[in-house]
Every structure is written in C-alpha cells, then in structure tokens.
Amino acid sequence: MATVKEAIADKAPHSGVHPFSESNPPVENTAELHVNEKDETKVQNDDLKSEGTNEEEEEDLYLPLKMDPSIVHEENPLTIRAVAVGCLLGALVNASNLYLGLRTGFTFSANMFGAIFGYGILTFLTRVGGHLPIIGGVFGPQENSIVQAAATGAGGISGLFVAAIPALYRTGSMGEGRNPRDDIGAIFTITIVCSFIGLFYATPLRKFFIIQVARELKLMFPTATAVGLTIRSMHAGAAGSIAAMKKLKGLTYAFVFALIHRIVSYYAVGILYDWHVFTWIHIWSGYTSWALNIESWGWYIELTPSFIGSGMLIGLNSAISMFGGGVLAWGLIGPLLVHYGECIGVDISDDDPKWKGMYSFGKLIDQDKETPSPRFWLLWPAVMVMICSSMIELFIQYKVILAGMKTAWRETCITINAKFVARGKTSKFFAKQAERPDNSNFIKDPAPPHEQVKHWVWISGTIFSAVLAIIVFHFQWEMNPGLTILAVVLAFLFSFLAIQIGAVTDQTPLTAAAKASQLIFGGATSGSGYSILHAQKLNLVAGGLAAGGANVATDLTSDFRTGFLIGTSPVKQWIAQAIGTFFAIWIAPGLFVLFTSAYPCIYDASLAKGCPFMVPSVSAWAAVAQAVTVPNIPIPLSSGIFAVVMGVVSIIQAIVRHQYLVGDREKYREWLPNWGAIALSWVIPAPVFANAALIGAVAAAIWRKYNFRTWEIYGYAIAAGFIAGEGLGGVFGAVLTLAGVDGATKGTNIACPMNSC
C-alpha cells in the first residue's frame, strides 16, 4: 500500500504495495523502490515535530519512540475488545483485498486502516463503557497496536486467492468442470498451512531484522513506522486526540465515498468509473480506426479510488516509474512487436464493421508458440527484472547480513549453553561460542525475556506446521514429502528476502518470490514422470505456499516493528496476529467462493470476454506454470534476450546507486527509475492502473507542496479510506450479481467500447 509515511513515500517510491504488493504480490502487494535512507530519516523526524510530539531534536527511529509521559500505564493491552475490533476491521480489508487483487493483482495491508479506525472505535467504547469489563477501561497506544496487529492478521492471506488458487482452475489442474465450491475442504487446509507456517517460522526473525541489523541495513519499514508514529500522535494528549479525530473523519468520509461510488458506478460504468476517451473519439469521428487502435492497448482513464489512493502513498518516483513502464510496454514495445510480426493480438470485434480493428493484446494462456501475445512476451522480462532488482539488494548487503547471522548464531549458542548450565551440564562447543566477544553495534532489545515469544512455541509450531503441510500436500494435492519440504524451505528463504526488501522499499517482492518458486519447481518436477496437469498443480500449490508463507511472515515482522516503536509486548502482539490469522483462514476462502459464484470468469478462462476482473496475477501464475511444465518452454527467443538485458540493467543501476551515488552524489538517487515498479507495469495487461496511480501521486505532491499541514493530518487516512472503501464496494457488487440486480442487468454500458466495459 501518515506524516512519516508520506515523507518516506515521497523520497522513494513505493509499498508495496503499501503500500501494496502484487499478489501472486500482491501486488503480490512486488515492485522494489529505492529509498534515500539518509534523507528519509531526517524528513521523518522533521514531520514528527509537526505531529504534536514537541521534540526539538531529531529522534532516532531505530529506537523505541518517546511516548507522551501523561499516558496511563496499560496493565494488559491484549484485550478482548482490541482483538475483536481488529478482526472485524481486518475482515473488511480481507474482502477489499480479494476484490482489488482479482481486478488488479494488488493487495493492501490492514495496519493503518486498523490503527485509525480501531482508535475511533475503542475511544468510543472507552467513553460509553466507563469501567465496565471487556468494553470499558483505559485505552492507550499499546492496545491500539494490538488492534492493528489483529487487523493485519485477519486481513492477510488473500493473496493466495487472487493468484495460485484460481490459476489451478484456469489451467485445468483441478479436473474438468470443477469449481471452488467443489474443493472447499482442500482450499481451507492449504490456507491453514500457508498461514501458520509463515506465522511460526517468522517469529525469530523479529530479533534479527528489528533489533540486530535494522540500523546497518537501513531497515526503516516505512509503513510500519508510519503506523507507529500515527498511533503515538493520536495518543499525544489533547492535541493528539483532536488530530486523531480529524484523521478518523478523513478516513471515514473517504471510505464511505469510495464505497458508494463503487456501488453506484456499476450501473453506469462508462460514465462514473471508466472513461474510454478514445472510444468516444472513435464514435464521434464516425467510427474511424486510429482511435480504436489506441483503445485496444488499454489507454483509458479509470476513476478508481483504490489506485488513486495508492498513488497518494507511493510517491512520484514509483508512480512515474509505473506510468513510464506502461508507456514503454503498451505504447512502444507492444505495438512494435505486433507491427513486425513478433506478437499477435486477438480480434474481438465480432465482425461488427463499426468496431473493426478492436483487438485484445492481453491473452496469456493457450498462445501459439510461434506468435505469442505482447503480454506473454513481456511477462518474462518483468519476472527477470523483479528477481534481479530484489536479489541484488541482498547481495550488496552481504557483509551486514553475514554479521547479523553470526550474532544470531552467537545468541542461539548463549541460550543453549544457559540451558546446559541450568541442568548442571556443560558443552565445550556451546560454551566456547557463547564466550566469543560481541563486537556488533546492535540495538538492545527493550522487551524482557518474559515478553518474548518462547522458543518452544515457534519451534514446535514450525515443526507441527511442516508436518501438517507434508500430510495435507500428500493426500490432497498429491505432492511427495521431498517437494513439500522444498516448498517450505523456499518459503523461508523468500520470506527473508521479502522482509529485507520490504523494510527498505516498503514493497514486498512477492511476485519475484512466487515466480522464482515456480521456476525452481518446474525444474524439480521435470523428468519425474508427472503428467503435465499434475506437474502444473504441484507448481502452483508450491508457489502458493512460498508466496503465502512469505506474505504472512512479512506482515508479522512489520507488526513487530510497530510494536517495537510503541513498546508493546512482542508475545501479546504475536497472539493478536495469530488470532487474526485464524479468522482469515475462514474468511478468505468463504469470500473467494462468494466472488467465484458471482463471477465464474474468475476461474473459467473460456468466460474471460466481458469479465469485470482482469485477474492479472492469475493469468501470470497460470502462464508460468504452463511454460515450465511443457516439454519445450514456449518463451520467445527475443523475449528471453530482452529479459537478460533488462535484468543486467537493473543490477547495474543497483550497484551504481550503492557504490557510486554516495556522499555528495547521494541526492541523485531519487532520479533513478524504479525498475521494480516498471516491471510491475509490464505484468498488468493494461496501463490503466498506472494512470490512476499517477493521478493520485501528482495530486498528493501538489497537496504536500502547498498545504503540508493538512496533508499530514488527512493524506494517509484518506488514501487508506479510498483503498478499503472501493474494495468493500466490490464485495457488495458480488452480492448484487448473485441477487440478479447488478449493473449488467439493471444498468447501462453507454460510452463503453462495443457497449461493454
């Protein structure tokens, strides 16, 4: 996917999404953006001064925040009301994410939405409940962080249902004529495995990423830091309360507006939602073909509050990079490929002379191997750039990562040695390792041992989840234990990558993680005697486990960052997120069945024409699974060459940024293109979302420039409201469709190309 978030987003680009991640992020959730870490921290601290904290000196954001001394001590912030409200708000975001993810491939975090809305609800309960049990009592910043932790957990794992699961049906891997309702049991179990395996194995990563290497790796966790600062500002005395109410009103109005706008727009899509300007020109000019050609490449304006809101968050660098990538893909490369016969489009004019020349260039599957679509051709350079731009950041920081791993090993040896000593035994090896001097400059963990998640909890939980995965994947998905263990290991490795990249750029590269996992499993199943459909099933569920586990792990680590800043007990925050995750296990599959019942085109590719969902992540996952499981990978040679060249370019830029643009030259970093964002726009089959994000980014930049004070109060809240409101409007749309009173039956498609939007 406010004051600090804005500052970070303005310097960088990106999560994100987040604040988004492309769900595969997201979206997913996905693009890697480069942050000027030095300026970032300074701008953030400048913002703190205007947020009512009264700091005269810059605050070190790698240490817990200085809280208002008037705040009443919270005996136990892990309350029933906090968890219940968090789960409710997370459920709204989960529904929103499913709609947005199926349409655009992106999902958004529930943390800021949960923090602000949670503040409003619990403040109200505190006032009306007085000293009553459960609903009344003291409400402070730590309980506020518990609300957002539960919301993040309940709003998660939706990425699995906007990519891997529907792709299983689109490839035919689940069997002919089947739909998600037929397999709801298997869907529930894979959701359980993906959710809890990430929750358990990510728990010890808190100490590594938040405590040990945060400063050295410049791990700012932009969105999580923004949430922490927002929570503190809302609890900063009377001034903070006034500012918090303004944020809440801004979020509420934006949420309601986006919700109503999305529902009403179903009945006049071409007027209230999609502006097909070139279709209008085509009609007004007597049905000439030149404007229709531009329309065919997806150049129109969509008044989508969610992506306008995301553009407000990600800043000009990433928004311009996404837009530039869209121009490059759908305004230059794609048309040239078609012009020279390297790619083809599909005629969708239905032999209507008025619409002759109307083509679709976004088909991914069932392509002729010799003449693919432009989207299929661009998919491979996009995946290559995402992987290269993500991995190079880790390689560049290898010395710091190794130092952190050494410290982690030393801490483990100290713990084991202490266990031996407590039992009156000795171990020369562990004693020697524990006695090694600690030369690191790591932050001291402010949470005492009794507030940490016990080792036996996450170790036994990880083992249990892995065993459960082996059982579930063997009996329900016909995957042997060796491949399941490989999927679990990949999930952990990609979580490590996603957390580090997301902490710097605020955008988790789940696209790269998923595609890399699919490529690895393509090699692992090759020559093993599997049928093509069976190999594709294994490819997709393994990729889903890797991406799903990484998604949950990054959410948990980000919440640990917020809790670290606020001073919340890690174990209580972990419990809140675990409860929220448990709710998500039942919410997400149910919502998925709701959407697929209303819109069968989500899982049935034969119904794609006129489908209101582009399902870009679904198509991309299905295409990769098919490409790596057929005897001859149908990747065009020219596409492969271009992919290698672009991957090398992204690597060179990262090296130049870290090795050359330092010191006095560091100011030029913000002018570098964001290759992750560019690659992301190559995956989406039209530039429409990049257009909307650019509108939001430009509007936010103007707002910040001319009235920064109101921006820092309302900016992020309005953006979060836009994102969640439109998503929930999509859920209402599915209900209206099932009831037979949706826009397709009761509305109009006036001003739409071929009378269909």
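Me: What makes Ala751 partly exposed?
Reply: Its relative accessible area is 22%. Buried means under 20%, exposed over 50%, and partly exposed lies in between (1.4 Å probe, protein chains only). Ala751 therefore counts as partly exposed. This is a predicted model, where local features need pLDDT of at least 70, side-chain atom pairs count only at pLDDT 80 or more, and totals for chains, interfaces and linings use all residues. Residues are numbered from 1 along each chain as its sequence is written, and side-chain values use heavy atoms, without hydrogens and water.

Me: Why is Glu478 called partly exposed?
Reply: Glu478 has 46% relative accessibility, so it counts as partly exposed. Its place is the loop between helix H18 (455-477) and helix H19 (481-505).

Me: Why are H3 and H4 called oblique?
Reply: Helix H3 (residues 80-104) and helix H4 (residues 111-129) pack at about 140°, with axes 10 Å apart. Angles under 35 degrees count as roughly parallel, over 145 as roughly antiparallel, 65 to 115 as roughly perpendicular, and the rest as oblique. That makes H3 oblique to H4.

Me: Which residues of H3 and H4 meet?
Reply: Among them are Val85 and Leu89 in H3, and Phe117 and Ile121 in H4. The residues of this contact (heavy atoms within 4.5 Å) divide into nine nonpolar, three polar and one charged. Ala, Val, Leu, Ile, Met, Phe, Trp, Tyr, Cys and Pro count as nonpolar, Asp, Glu, Lys and Arg as charged, and the others, Gly among them, as polar.

Me: Why are H14 and H25 oblique to each other?
Reply: The axes of helix H14 (residues 305-339) and helix H25 (residues 675-683) come within 7 Å and cross at roughly 45°. H14 and H25 are therefore oblique to each other. Their contact includes Met322 and Trp330 of H14, and Ile678 and Trp682 of H25. By class, it has seven nonpolar, five polar and no charged residues.

Me: How do you know that H7 is mostly covered?
Reply: Of its 18 residues, 13 are buried. Helix H7 (residues 184-201) reaches 26 Å from first C-alpha to last, close to the 26 Å expected at 1.5 Å a residue. The expected span is 1.5 Å times one less than the number of residues.

Conventions:
Axes are lines fitted to C-alpha atoms, for helices over the stretch in contact, and angles run from 0 to 180 degrees between N-to-C directions. Helices (H or I, at least four residues) and strands (E, at least two) are DSSP runs, numbered from the N terminus.
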